Amino acid sequence: MAVSFTNVSSEAGHKKLDEYLLTRSYISGYQASNDDLAVYSAFSTAPSSSYTNVARWFTHIDALLRLSGVTADGQGVKVESTAVPSASTPDVADAKAPAADDDDDDDVDLFGEETEEEKKAAEERAAAVKASGKKKESGKSSVLLDVKPWDDETDMTKLEEAVRNVKMEGLLWGASKLVPVGYGIKKLQIMMTIVDDLVSVDSLIEDYFYTEPANEYIQSCDIVAFNKICKLFHKYQSPSFYLLALFLLLY
């Protein structure tokens with residue numbers, strides 16, 4: 001059954017059409033048809049955005065005409081006007097012309113614009129990737145420590161075990177040796193490689209060496225050497241290479 005609209009360009013016509021489109025996407029049926037073209041042609045200008053449903057429908061039909069045309073026959077609609085002269089219905093073949101000229105237009109998604117939430121999510125992902133990349137590029141350092149026992153009766157094997165039992169992300173223990181100090185006392189010299197952003201040497205000494213159970217064997221600890229690892233060499237060599245190289249250079 002054909003529906004009827006009178007003077008759709010007037011305020012009253014806008015209001016009636018807006019109420020009609022409240023629960024509909026098209027004038028008739030579930031796809032754009034000649035009924036939509038007939039009503040669309042009755043507008044002299046685009047409707048006001050205050051009429052939400054009409055503005056939505058008009059924008060959609062206008063976009064369809066620009067991209068691919070309207071081909072459905074529709075169920076019939078009667079549009080009367082007392083203020084606006086009758087306008088000719090757009091030629092469907094002309095409306096299809098852009099699609100024929102450019103096959104890429106067939107792939108256009110009318111509803112494919114990014115929402116604010118999607119844009120925000122994309123920005124957050126980009127920031128996370130950027131932060132992750134920076135973390136991977138964090139510098140490394142090789143550190144030589146002097147670990148001293150309480151006296152000549154301290155078990156140096158257990159002292160070294162206490163040192164190496166300290167484990168954390170970004171810490172790698174390397175070569176070690178016992179060095180005589182005097183009066184039968186020896187100190188432990190040990191190398192380690194650290195990731196600068198993950199390990200604080202001062203905190204490591206205070207929180208692990210000077211607390212139980214390590215402080216049963218460790219009287220004090222000093223930083224003998226602290227060297228940044230060159231990124232160029234780091235690319236080609238393993239951490240053990242630096243530990244051995246620095247150890248040989250110092251001693």
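Confidence comes first, as it sets how the rest may be read. The protein chain has an average pLDDT of 77, and 68% of the residues score at least 70. For residues 103-111, where pLDDT stays under 50, the model has eight contacts beyond four places in sequence. For residues 232-236, also under 50, there are five such contacts. Where pLDDT is low, the predicted coordinates should not be read in detail.

In soluble globular proteins, nonpolar side chains tend to be buried together. Here the largest nonpolar core has 23 residues, and the members that touch the most others are Leu145, Val147, Val163, Trp173 and Phe209. At least two residues of this core come from each of strand E3 (140-149), helix H6 (156-164), strand E4 (171-182), strand E5 (185-195), helix H7 (201-209) and strand E6 (218-228). Beyond its neighbours within four places in sequence, Leu145 is in contact with Trp173, with Leu188, Gln189, Ile190 and Met192, with Val201, Ile205 and Phe209, and with Cys221, Asp222, Ile223 and Val224. Another core lies apart from this one; it has 20 residues, including Tyr20, Ala32, Tyr40 and Val54.

A pair of aromatic rings is described by the distance of the centres and the angle of the planes. The structure holds five aromatic pairs. In one of them, the ring centres of Phe5 and Tyr20 are 5.2 Å apart with the planes at 80°, so this pair is edge-to-face. Because Phe5 belongs to strand E1 (residues 3-6) and Tyr20 to helix H1 (residues 11-20), the pair ties together parts that are 15 residues apart in sequence. Both Phe5 and Tyr20 are buried.

Phe43 counts as buried because its relative accessibility, 9%, is under 20%. Phe58 is likewise buried, with a relative accessible area of 12%.

Helix H3 itself has 16 residues and reaches 23 Å from its first C-alpha to its last, close to the 22 Å expected at 1.5 Å a residue. Its buried residues are Asn53, Val54, Ala55, Trp57, Phe58, His60, Ile61, Asp62, Leu64 and Leu65.

Two backbone features complete the account. Glu212 and Pro213 are joined by a cis peptide bond, with omega at about 0°; Pro213 has its place in the loop between H7 and E6. Tyr183, a residue other than glycine, has a positive phi, near 60°. Tyr183 is found in the loop between E4 and E5, and its relative accessible area is 83%, so it counts as exposed.

Definitions and conventions: Residues are numbered from 1 along each chain as its sequence is written. Side-chain values use heavy atoms; hydrogens and water are left out. A nonpolar core is a set of buried Ala, Val, Leu, Ile, Met, Phe, Trp, Tyr and Cys residues joined through side-chain atoms within 4.5 Å. Buried means under 20% relative accessible area, exposed over 50%, partly exposed in between (1.4 Å probe, protein chains only). Helices (H or I, at least four residues) and strands (E, at least two) are DSSP runs, numbered from the N terminus. Contact means heavy atoms within 4.5 Å. Rings of Phe, Tyr and Trp (its six-membered ring) pair if their centres lie within 6.5 Å; planes under 30 degrees apart count as stacked, over 60 as edge-to-face and the rest as tilted. The expected span of a helix is 1.5 Å times one less than its number of residues. pLDDT is the predictor's confidence in each residue, from 0 to 100.
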